[in-house]
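Biologist: Hi! Could you walk me through the charged side chains in this one?
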Amino acid sequence: MDPPREKTTMELEILFEKYNKELISFVYRMCQNRELAEDIVQETFLRAIINQELLYMMHEKQVRLWLYRVAKNLYVDSIKSHAADDGMVEIEEEVGKEDDHGEIEWSELFERLPGRQGVIMYLHYFEGYSSDDIGKTLDIPSGTVRYEMSMARKKLREIFKKNLMR
């Protein structure tokens, strides 16, 4: 494995060119709103600029995962904000909560799920939302949420089986 190398502003521009469309597609699959997806990806790259020193320490694959994680977290934050604005759920801030390695692995798996399934699974298993709360937040029936969770579990089983066969 090559050691991390210093990234220049030019390299950050290259990252933008390389991952901008990919990230917009990723966020769009979750939110089904092109404008929101573009806003979230723009904010993701602004955070990349702010955190250049952190990114300098990472390999390109790690930077890509960081970009995806930030985009996903921004989308989840936008859902929470929308829900809080509508008075649907109370949001509790967990100050100083550190990421757990297991959470990172699950988050990466959830990112592989199609459409909004990954977001639904994340909200349910990491944020503790019920299917009713998720349904209200995403403006879909709770039965659809439960169906999407069932399909996501099936897809995760397929992913696990593929990885075990290797």
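**Charged side chains**

Modeller: Glutamate 43 and arginine 47 sit 4 residues apart in helix H2, about one turn of the helix. Helices here are DSSP runs (H or I, at least four residues), numbered from the N terminus. This is a predicted model, where local features need pLDDT of at least 70, side-chain atom pairs count only at pLDDT 80 or more, and totals for chains, interfaces and linings use all residues. Residues are numbered from 1 along each chain as its sequence is written, and side-chain values use heavy atoms, with hydrogens and water left out.

Biologist: How far apart are the closest N and O atoms of glutamate 43 and arginine 47?

Modeller: They are 3.1 Å apart, in a salt bridge (a side-chain nitrogen of Lys or Arg within 4 Å of a carboxyl oxygen of Asp or Glu).

Biologist: And how many salt bridges does the whole structure have?

Modeller: The search finds 3. One of them joins the side chains of glutamate 38 and arginine 34, at 3.0 Å from N to O. Glutamate 22 also pairs with arginine 64, at 2.7 Å. Glutamate 22 is in helix H1 (residues 9-31) and arginine 64 in helix H4 (residues 60-85), so this pair ties together parts 42 residues apart in sequence.

Biologist: Nice. Is glutamate 22 buried or partly exposed?

Modeller: Glutamate 22 counts as partly exposed because its relative accessibility is 27%. Buried means under 20% relative accessible area, exposed over 50%, and partly exposed in between (1.4 Å probe, protein chains only).

Biologist: New topic: where does arginine 157 lie?

Modeller: Arginine 157 is in helix H8 (residues 142-165), and is partly exposed at 48% relative accessibility.

Methods. Helix = DSSP H or I, 4+ residues; strand = E, 2+ residues; numbered from the N terminus.
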